[in-house]
Amino acid sequence: MERVEERLSVFSVDTLDYHSILVALKGCSALFCCLDCPDGYDDLIVDFEVRGAINVVEACAQTDSMQKIVFTSSLTAAIWRENICSQTDVDERCWSDQDFCRKMKLWYALAKTLSEQAAWALAMDRMLNMVSVNAGLVVGPAVAQQNPCSTMSYLKGAAEMFENGVLAVVDVKFLADVHIRAFEDSSTIGRYFCFNQIVHTEEEAVKLVETLSPLLSSQPKYECQGSEAYAERLRTKKLNKLVEGTA
């Protein structure tokens with residue numbers, strides 16, 4: 001940050017304050033929008049995040065220089081519903097079931113689902129150029145440790161995600177690169193699932209727990225008991241085309 005201080009303008013923005021967003025966006029040609037609560041999620045935070053998404057998109061609509069919005073969402077906005085194990089393919093057409101998320105108190109997933117849907121509805125109404133990147137659990141050097149509440153909020157229901165083949169992780173550097181590609185490629189459209197790996201074996205699950213230490217802890221000297229692999233249900237056809245430059 002110090003190296004680009006002369007070229008960097010920093011604004012303090014409250015996503016519930018529409019006018020503060022307008023001021024920050026003045027003259028901008030693109031917005032990379034990542035709404036996340038650093039203190040964790042509950043039913044009240046869900047409403048705040050949805051209102052924030054609406055304010056951000058509307059502010060973009062009122063910014064004449066705005067060319068494109070890259071909206072950061074989550075795989076949890078697509079994977080939660082009853083009997084997901086009966087679904088062979090989970091891709092960008094899928095949405096998490098709101099009632100199921102409320103029943104299971106999956107507040108993070110509900111916030112990501114409702115905020116992304118609100119952003120899409122308003123972006124289409126205002127005829128804005130927007131794409132969304134639905135990220136898996138973000139990992140990388142100290143990422144989880146520096147963002148413990150977001151990480152643990154994502155992982156609520158991790159056992160069910162694992163068993164149903166929809167527990168996926170994404171390296172933070174790869175995620176950043178996908179955001180840039182999504183902005184620079186004029187052919188991008190709609191939603192893009194973004195992950196490097198689906199955690200679907202016991203060995204991979206243990207390695208993930210070790211990566212997230214000390215947020216998660218496994219049994220001392222834990223040894224994998226079997227080689228069972230759960231079916232992978234997530235699909236990345238659109239992501240592959242984007243990364244290969246054929247989006």
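Does Tyr 230 count as buried, exposed or partly exposed, and at what relative accessibility? Tyr 230 counts as partly exposed, at 23% relative accessibility, where buried means under 20% relative accessible area, exposed over 50%, and partly exposed in between (1.4 Å probe, protein chains only).

The model is predicted: local features need pLDDT of at least 70, side-chain atom pairs count only at pLDDT 80 or more, and totals for chains, interfaces and linings use all residues. Residues are numbered from 1 along each chain as its sequence is written, and side-chain values use heavy atoms, with hydrogens and water left out.

**The whole chain**

Begin with the chain in cartoon view, which shows 10 helices and seven strands; helices (H or I, at least four residues) and strands (E, at least two) are DSSP runs, numbered from the N terminus. The radius of gyration is 18 Å, close to the 18 Å of the globule rule for 247 residues, so the chain is as compact as a globular protein of that length. That radius is taken over C-alpha atoms, and the rule is 2.2 Å times the number of residues to the power 0.38. Along the principal axes, the C-alpha atoms fill a box of roughly 60 × 40 × 40 Å. Of the 247 residues, 46% count as buried.

**The aromatic pairs**

Next, display the rings of Phe, Tyr and Trp (the six-membered ring of Trp): two rings pair if their centres lie within 6.5 Å, and planes under 30 degrees apart count as stacked, over 60 as edge-to-face and the rest as tilted. The structure holds five such aromatic pairs.

Select Trp 80 and Phe 100. Their ring centres are 6.2 Å apart and their planes lie at 25°, so the pair is stacked. Trp 80 sits in the loop between β2 (68–74) and α3 (98–103), Phe 100 in helix α3, and the two are 20 residues apart. Trp 80 is buried at 8% relative accessible area, and Phe 100 is also buried, at 11%.

Move to Phe 162 and Tyr 230, an edge-to-face pair with 5.0 Å centre to centre and 70° between the planes. This pair links distant parts of the chain: Phe 162 belongs to helix α7 (residues 158–163), and Tyr 230 to the loop between α9 (202–211) and α10 (237–243), 68 residues apart. Phe 162 is buried, with a relative accessible area of 15%.

Then select Tyr 41, Tyr 108 and Tyr 154, which ring pairs link into a cluster.

**Charges over rings**

Finally, select Arg 191 with Trp 95: Arg 191 lies over the ring face, 3.6 Å from the ring centre. Lys 238 lies over the face of Tyr 192, at 4.2 Å from the ring centre. The criterion requires NZ of Lys or CZ of Arg within 6 Å of the ring centre and within 35 degrees of the ring normal.
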